[in-house]
Amino acid sequence: MQQSPIDIDRALGFAIPSRSARGRVVRLGPALDAVLASHAYPPAIEALLAEALTLAALIGSTLKDPTAQLTMQTRTENGVVQLLVCDYRGGEVRGYIDFDAEKLAAAPEQPTLFALFGQGYLAITFDLAATGERYQGIVPLDGETLAEAAQSYFVQSEQIPSLVRVGIARDGEHTVAGGLFLQHLPEGEVGRERLHTRLDHPEWEHVEALGQTMGVDELADPALSLETLVWRLFNEEPDVRVLASTPLSRGCRCTGDYIASVLAKFSLEERREMADERGFIQVDCAFCATKFPVPAEADPVA
């Protein structure tokens with residue numbers, strides 16, 4: 001029997017000119033497993049990071065400049081999760097979660113977003129390296145999922161009607177996650193402020209209604225190509241333009257050279273104070289859990 005092709009670790013953009021809408025679909029598999037395998041998180045924390053990484057890929061892959069970076073970070077008060085950070089740059093995603101194990105043990109098996117974060121906030125930051133510009137918006141984590149919070153960011157902070165959906169499937173040791181991101185194109189000329197974006201545009205309501213029919217199981221099914229997902233939603237539209245796709249991978253920018261450049265900012269005396277009994281400075285990367293033992297006496301820039 002011929003097996004279905006696998007479509008995974010990819011982002012695909014599309015546009016619907018007649019409906020003044022644009023969108024993106026993504027699916028993560030091995031790249032997601034690589035990030036999760038570095039941490040051995042409990043199931044609830046693992047599922048949360050999988051959703052966050054999918055959102056980072058969905059939103060980050062809309063950046064045209066490969067050197068630009070999207071960063072998602074949560075701010076919480078008395079929640080199980082103390083810090084969640086994910087970022088995307090040039091097709092690479094990475095992320096980690098710092099959480100209170102005792103509070104997690106006291107939480108329900110499938111904790112709500114409020115149980116995980118308490119009074120929490122989601123910050124989304126765009127760093128545009130080519131121009132040096134930096135934009136950030138912050139929204140409360142008051143929905144049921146991170147995807148709802150990300151959707152609120154675009155509606156409230158950017159004033160762009162948007163729909164965000166994420167689906168996650170776990171099969172043994174492997175996780176597959178998919179996402180759909182739809183937006184109503186701002187009215188007016190390119191480059192002008194969105195002063196007249198209407199939140200009740202009938203063309204957007206039509207696109208939004210179709211997007212809400214996409215099942216989370218379809219999003220996380222690697223046997224369905226991303227093009228097939230777009231076709232299932234919008235096959236009755238007169239013009240759907242599929243854009244270039246972006247391969248996705250797990251990426252971490254920690255290297256020996258980078259660690260050396262950081263340690264070079266400290267004096268020899270300070271490096272000695274940071275060293276362990278063997279004379280090594282133990283530098284850990286929170287994103288990929290790689291450990292870098294660096295001799296304190298060595299010249300960091302040599």
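Colleague: In which loop is Phe 266 found?
Modeller: This is a predicted model, in which local features need pLDDT of at least 70, side-chain atom pairs count only at pLDDT 80 or more, and totals for chains, interfaces and linings use all residues. Residues are numbered from 1 along each chain as its sequence is written, and side-chain values use heavy atoms, leaving out hydrogens and water. Helices (DSSP H or I, at least four residues) and strands (E, at least two) are numbered from the N terminus. Phe 266 sits in the loop between α9 (256-263) and α10 (268-274).

Colleague: Is Phe 266 buried, partly exposed or exposed?
Modeller: Buried means under 20% relative accessible area and exposed over 50%, with partly exposed in between (1.4 Å probe, protein chains only). Phe 266 has a relative accessible area of 33%, so it counts as partly exposed.

Colleague: How are the rings of Tyr 41 and Phe 99 arranged?
Modeller: Rings of Phe, Tyr and Trp (its six-membered ring) pair with centres within 6.5 Å; planes under 30 degrees apart are stacked, over 60 edge-to-face, the rest tilted. The count of aromatic pairs is four. The centres of Tyr 41 and Phe 99 are 6.1 Å apart and their planes lie at 75°, so this pair is edge-to-face.

Colleague: How many residues apart in sequence are the parts that Tyr 41 and Phe 99 tie together?
Modeller: Tyr 41 is buried, with a relative accessible area of 12%. Tyr 41 belongs to the loop between α1 (30-37) and α2 (43-60), and Phe 99 to strand β5 (residues 92-99), so the parts tied together are apart in sequence by 58 residues.

Colleague: Which residues do ring pairs link into a cluster?
Modeller: Phe 154 and Phe 181 make a tilted pair, 5.0 Å centre to centre with 45° between the planes. Phe 154 is in helix α5 (residues 146-157) and Phe 181 in strand β9 (residues 174-184); both are buried. The cluster linked by ring pairs consists of Tyr 153, Phe 154 and Phe 181.

Colleague: Which residues are linked with Asp 7 in a network of salt bridges?
Modeller: A salt bridge is a side-chain nitrogen of Lys or Arg within 4 Å of a carboxyl oxygen of Asp or Glu, and the structure holds nine. Asp 7 bridges to Arg 10, with the closest N and O atoms 2.6 Å apart, and both residues are buried. The network links Asp 7 with Arg 10 and Glu 227.

Colleague: How far apart are the closest N and O atoms of Arg 278 and Asp 276?
Modeller: Arg 278 is exposed at a relative accessible area of 54%, whereas Asp 276 is partly exposed at 24%. Their salt bridge has its closest N and O atoms at a distance of 3.8 Å.
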